[in-house]
Every structure is written in structure tokens, then in C-alpha cells.
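Biologist: I should like to learn how to read a predicted model. May we begin with the sheet and proceed from there to the interior?

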Amino acid sequence: NTMYLSELQMATKNTYKGFDFDNIWKLDGNIGYPYPILRNVEHKEFEGDGEYAGGKGTAYDPYIIKNEKQLKNITKNMGAHYELANDIELDGSKDWEPIGTTPYENFHGSFDGKGHVISNVQIDRKTDKVEAVGLFGYSAGLIKRIGVINGSVKLTVTCAEDITNMNGYAGGIVGYNGGVILMSYNGNKVAAIQAEGCRRNRRIF
């Protein structure tokens, strides 16, 4: 015989007659799985095996981001809507590639950090081009309720003899912002440096 249960019934101990919830089984909705699981097995919150942990990228159903890989996947759709589900600590062993690397390939969607933080953004870059670096490079979108901490963003602009006016932009959250940032904060070290010997009319921001 087949018994059909509602989600509420499946998440209730009384449904599982004969289950030993004191020694063998447990119900722990905190890991994102509200049904019986074995006690002596390590369980991790489901992070999603696709490009994102959920959502459709719309304003009403944004893509859900839970890890560094999914954060990087923002570059695949710069005009979509995103929401952070938890704090994220980046690997930090390689330079972070900013989201939005040119004014024409900028981030122009929305990103809601939901009060979480992204830590360990590491960037140490030298360039002879106009460049913007940060968690986001160039943004024309909406970024809100996000903090960045325990990271370092450094941009050194070197000389290029055929360019008479060189700008470099560095920021913790956004290097060059043409959009809106709300209720967010930067706790990263940020520096934009002009290399010695460059002409004085090259500006660093």
C-alpha cells in the first residue's frame, strides 16, 4: 500500500512509527533538509549542483548564491537578479576577477546580500589600461545589504607611452559605480597607486 504524506507530515516525528529519534535518527531543519537523517553521519547544507542554488533570476525569484562558484557565475548573466543566502569566504589563493570588467560589460542587475558578508577578496593587479577592480569592477546596477571584510584590493597603474590620460579605479565593493549601493559597507584594505615615472596627468581614483 502507498501512503501519501504532506510536507508537514514528513517533517513531523509522529509520522515515523518505530524510528529511534533518541539514538539513530534526528530531524534537523537547520541544514535545509527537514526530514529524518542519521545522527552519526556528517550532513552539509545543500548548496546546489548547478550554476546557482535556486531561483530564476527575476526580481520576484532571484538566483540564490551560496558559494564562490555561484558568485562567479554572476558574470554569465549580468542583468539578472541575485540574492546571497549565507556568508561566503573566498579561496583567496588567486586574484579575484571582478564582476563586470569593462564599462560595456558591467553589472546592471540587482544583488541583495541580505545582510551577509563576503570575505577574503584578494586583488593585486598592475595595468596599463583603464581598469576598475573590487568585488564588482564596473556596476550600473543595484547592490544592497552586503559587507566585504578581511580582503585586500590593490591596483597599480603603470605607464603606457601612447596613452596621455590614465585612470584607475579601486574599491572594496565596487571599483567604478554608476549604479546604486545601499546599506552596505567595506572592511577591505583598498589602494590605487600610480607607478613612479608616469606623467602627472594620469589620475588614480
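**Reading the sheet, the core and the rings**

Modeller: Five strands make up an open sheet with parallel pairing, in the order β3-β4-β6-β11-β15. The strands at the edges are β3 (63-65) and β15 (180-182); each has a single partner strand, so one side of each is left without a neighbour in the sheet. From one strand to the next, the twist averages 15°.

Biologist: How many bridges join β11 and β15?

Modeller: As a general idea, strands of a sheet pair through backbone hydrogen bonds, either parallel or antiparallel. Here, β11 (residues 142-144) pairs with β15 in the parallel sense over three bridges. Leu142 has Val180 in β15 as its bridge partner.

Biologist: Which residues touch the most other members of the largest nonpolar core?

Modeller: That core has 30 residues, and those touching the most other members are Ile65, Leu71, Tyr82, Phe111 and Ile118. Two or more residues come from each of β3, β4 (81-84) and β12 (147-157). The largest share, four residues, is given by β12. Beyond its neighbours within four places in sequence, Ile118 is in contact with residues including Leu71, Phe111, Leu135 and Val148.

Biologist: How are the aromatic rings arranged, and which parts of the chain do they link?

Modeller: The structure holds 12 aromatic pairs. In one of them, Tyr63 and Tyr82 are tilted, at 5.6 Å centre to centre with 40° between the planes. This pair links distant parts of the chain, for Tyr63 is in strand β3 and Tyr82 in strand β4, 19 residues apart. Tyr63 is buried at a relative accessible area of 17%, and Tyr82 is buried at 1%. The ring centres of Phe111 and Phe136 are also 5.6 Å apart, but their planes stand at 70°, so the pair is edge-to-face. Phe111 belongs to strand β6 (residues 110-112) and Phe136 to strand β10 (residues 136-139), so this pair ties together parts 25 residues apart in sequence. Ring pairs join Tyr52, Tyr63, Tyr82, Phe107, Phe111 and Phe136 into a cluster.

Biologist: Is Thr12 buried or partly exposed?

Modeller: Buried requires under 20% relative accessible area. Thr12 has 29% and is therefore partly exposed. Thr12 is found in the loop between α1 (7-10) and β1 (25-27).

Biologist: Where does pLDDT stay under 50?

Modeller: Where pLDDT is low, the predicted coordinates should not be read in detail. In this model, pLDDT stays under 50 over residues 200-205. The protein chain averages a pLDDT of 83, and 80% of the residues score at least 70.

Terms used. Residues numbered from 1 in each chain as written. Predicted model: local features only at pLDDT ≥ 70, side-chain atom pairs only at ≥ 80, totals over all residues. Heavy atoms only, no water. Pairing = 2+ DSSP bridges. Axes fitted to C-alpha atoms, helices over the stretch in contact; angles between N-to-C directions. Core = buried A, V, L, I, M, F, W, Y, C linked by side-chain atoms within 4.5 Å. Buried < 20%, exposed > 50% of the residue type's maximum accessible area, 1.4 Å probe, protein only. Contact = heavy atoms within 4.5 Å. pLDDT = per-residue confidence, 0-100. Phe/Tyr/Trp six-rings, centres within 6.5 Å; stacked < 30°, edge-to-face > 60°.
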